[in-house]
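Okay, thanks for coming, everyone. Let me put the model up and we'll walk through a few bits of it.

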Amino acid sequence: MLVLIAAVILALDLVTKIAVVRWIEPGNPVEIVGDVVTLRLVRNPGAAFSMATGMTWLLTIVAVCVVIGVIRIGRTLRSPLWALGLGLVLGGALGNLIDRFFRAPGPLQGHVVDFVSVGWWPVFNVADSSIVCGAILLVVLSLFGFEPNGTRAHSKKSAAASTSAADE
């Protein structure tokens, strides 16, 4: 499931970026919903919100580490929700990583193609939104005690209560 989700996200990201680069000129946005939602070609050398623009090589290394980490965790997954969250993160990380490796100005320095502009929010792409949605899902799963192996962790308080109830 994780691999399938990552592959779908990666394909969507690549197809949309190819289409945007082909049909949208920089500085000439396409209005979708007035000027609130537009398609605007931006080549981003940095991370989200254009942070770390001078450290593209470091962002590439971080993305490679994320991909390796997700693949390692993925081998032990038993939870479909964790597979969904990690698949979203993996697909998005791979999509942006491909830009880092194969787009100008060169390997490990490539600028990511961003194109969705909504109101005041920074311009983003399919990979970015996938990473954010996947990360939010993983945080929610963790907060509610859902483990990657399919079990649900119980709080120490409830575990102690059930242990003391069993002793009585």
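I'll go from a helix pair to one asparagine, and then to the cysteines.

Quick housekeeping: this is a predicted model, so local features need pLDDT of at least 70 and side-chain atom pairs count only at pLDDT 80 or more, while totals for chains, interfaces and linings use all residues. Numbering starts from 1 along each chain as its sequence is written, and side-chain values use heavy atoms, with hydrogens and water left out.

So, helices, meaning DSSP runs of H or I, at least four residues, numbered from the N terminus. Helix 1, residues 2-23, packs on helix 3 at about 35 degrees, axes 7 Å apart; those axes are lines fitted to C-alpha atoms over the stretch in contact, and angles run from 0 to 180 degrees between N-to-C directions. The crossing is right-handed, that is, the near helix is turned clockwise from the far one by less than a right angle.

Now look at N96, in helix 3, residues 80-102. Is N96 buried or exposed? It's buried, because its relative accessibility is 12%, and the cut-offs are under 20% for buried, over 50% for exposed, partly exposed in between, with a 1.4 Å probe and protein chains only. Its side chain makes a polar contact with the side chain of K17 at 3.1 Å; that's an N or O pair within 3.5 Å, one able to donate a hydrogen and the other to accept it, and residues adjacent in sequence count only if both atoms are side-chain atoms.

Last, cysteines. C65 is partly exposed at 47%, and C133 is partly exposed at 45%.

Methods
Helices (H or I, at least four residues) and strands (E, at least two) are DSSP runs, numbered from the N terminus.
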